[in-house]
Amino acid sequence: MHSLPLLLLLWAVGSNGLPAATSRMQEDDEKMVQKYLESYYNLRTDGEQIERKRKSGPMVEKLKQMQEFFGLKVTGKPDAETLNMMKQARCGVPDVVRYALTEGNPRWEHTHLTYRIENYTPDLPREDVNNAIQKAFQLWSAVSPLTFSQVSEGQADIMLSFVRRNHHDNSDFDGPEGQLAHAFQPGPLIGGDVHFDEDETWTRDFRNYNLYRVAAHELGHSLGLSHSNDIGALMYPHYFHSGDVLLSQDDINGIQTIYGPSTNPTKPKGPQTPQVCDSKLTFDAITMVRGDVMFFKDRFYMRVNSHYPEPELNFIAIFWPNLPSSLQAAYDIVDKDEVRFFKGDKYWAVQGQEMLPGYPKDIYRSFGFPRSVKRIDAAVFEEDTGKTYFFVANKYWRYDEDKQSMDAGYPKLIAANFPGIGSKVDAVFQKDGFFYFFHGTRQYKFDPKTKRVLTLEKSNSWFNCGQN
């Protein structure tokens with residue numbers, strides 16, 4: 001499974017496929033690859049440019065290591081997906097650690113730690129910086145026995161500062177973009193300290209780089225955590241700001257492995273990243289989007305198309321920052337190039353990556369649902385008829401997109417008109433004239449013309465998982 005954000009520009013112009021791997025890298029890409037592998041995968045070159053051999057050699061082996069970490073296809077070649085991954089903003093801590101400040105797995109031997117903010121970025125008011133750092137520490141204290149307090153002078157366990165380029169720690173920053181920050185593992189002197197690149201623009205929202213989000217990640221390193229290859233984890237090395245800053249269950253498991261469980265009587269749990277080949281995987285919503293099938297689960301989408309056999313897993317917010325998580329239904333209207341997403345009694349409409357103005361809207365005024373309908377379970381647009389089917393509990397409505405009104409005589413029972421799929425639908429989409437209904441871990445391929453179920457498969461059969 002690969003888990004990188006696609007080149008979004010391709011979607012903006014309506015492309016359905018991924019870019020082809022480049023046959024020959026440009027010189028600047030060669031240098032970028034070498035520098036990336038030196039910085040994050042301990043490629044040793046002694047400052048000299050090394051020749052990249054076709055099938056073997058240190059660069060090929062390090063490329064394979066990097067591709068395996070990020071869930072890319074392991075080829076040892078710097079293809080377009082690998083280059084795209086390398087160009088994303090990220091934490092400056094290596095994915096393969098070159099050194100440790102203390103032997104073994106570093107940890108703090110005391111559970112109450114002090115921190116000090118040595119200087120402040122001019123990008124934000126001091127109060128906003130203090131709040132962001134305090135909230136970042138609170139994320140970790142809520143799930144562990146650790147506690148933190150701020151001091152205003154002297155040496156603290158964890159010192160935080162905003163610096164540029166060469167700042168005398170053997171880990172120079174690289175200017176705007178690229179490395180955002182880095183932190184050192186627990187230990188004496190510089191151990192635990194966090195450095196933010198002042199060449200970045202720091203914010204308190206989704207623009208540029210959210211200080212709270214980056215600080216929370218870096219403090220994970222300060223407490224002894226390394227990078228995670230779980231894209232849903234806060235300790236994933238690349239920067240994603242998908243709205244709320246959350247510790248995943250992977251993050252919680254990591255910190256509790258080092259310091260033990262939280263003293264909180266209510267044991268905290270974090271969200272888990274969907275595993276596409278989990279035979280128990282279910283979906284919140286599914287729809288076609290510009291020829292590709294997109295499956296939605298919690299904060300994530302899984303995308304498949306005919307050009308790439310494995311699913312792409314990433315945050316919904318990568319494409320649509322204003323959409324909520326845990327969507328409940330979605331459908332696309334091909335001739336309008338429009339996709340509609342539903343949650344509760346509200347819905348949103350997008351074209352490509354663009355959110356259409358005036359949304360969210362309510363389902364009562366737009367579609368004429370009675371107030372007794374509190375949510376839509378699933379929806380699908382039928383191209384041949386111009387009708388949209390909405391599934392709610394054990395009934396369904398039919399909506400005429402041209403007339404913008406509900407057809408008379410609805411709702412009707414699902415079981416009566418869609419025989420064989422049961423009486424409850426979690427998600428549905430149309431492809432090549434067939435409806436694909438999902439309920440729990442089952443998927444039904446349904447022919448709307450003959451009103452027959454053609455095949456019964458597992459819900460994740462689209463994901464090239466083999467037998468699972």
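Visitor: What makes G344 stand out in the hairpin of β13 and β14?

Guide: In this predicted model, G344 takes a positive phi near 60 degrees. That hairpin has two residues between its strands.

Visitor: How do you know that β13 and β14 pair?

Guide: Two strands pair if DSSP finds at least two bridges between them. β13 and β14 (residues 346-351) have five bridges, in the antiparallel sense, so they meet that cut-off. Within this pairing, F341 stands opposite W348 of β14.

Visitor: And what makes β12 a partner of β13?

Guide: β12 (residues 329-333) and β13 are also joined over five bridges, antiparallel again. One of the residues involved is D332, whose bridge partner in β13 is V339. The hairpin of β12 and β13 has four residues between the strands, and there D337 has a positive phi near 50 degrees.

Visitor: Why is β13 called largely enclosed?

Guide: A residue is buried when its relative accessible area is under 20%. Five of the six residues in β13 (residues 338-343) are buried, so the rest of the structure largely encloses this strand.

Visitor: Let's turn to a helix. How do you know that the span of α5 is close to what is expected?

Guide: Helix α5 (residues 126-141) has 16 residues and reaches 23 Å from its first C-alpha to its last. At 1.5 Å a residue, 22 Å is expected, so the two values are close.

Visitor: Why are the buried residues of α5 said to be on the same side?

Guide: The buried residues are D128, V129, A132, I133, A136, F137, L139 and W140. They cover an arc of only 170 degrees around the axis, which places them on the same side of α5. An α-helix has 3.6 residues a turn, so residues three or four places apart point the same way. The face turned away from the buried side of α5 carries R126 and E127, which are exposed.

Visitor: What do the buried residues of α5 pack against?

Guide: Their neighbours include strands β1 (112-117) and β2 (147-150), along with helices α6 (211-222) and α7 (249-259).

Visitor: What makes a group of residues a nonpolar core?

Guide: The members are buried residues of nonpolar kinds such as Phe, joined through side-chain atoms within 4.5 Å. The largest such core has 50 residues, and F390, F391, F418 and F437 have the most contacts inside it. F437 touches F391, F418, I421 and V425, among others. A second, separate core has 44 residues, including W140, V143, L219 and Y259.

How values were computed. Residues numbered from 1 in each chain as written. Predicted model: local features only at pLDDT ≥ 70, side-chain atom pairs only at ≥ 80, totals over all residues. Heavy atoms only, no water. Buried < 20%, exposed > 50% of the residue type's maximum accessible area, 1.4 Å probe, protein only. Contact = heavy atoms within 4.5 Å. Arc of directions from axis to C-beta.
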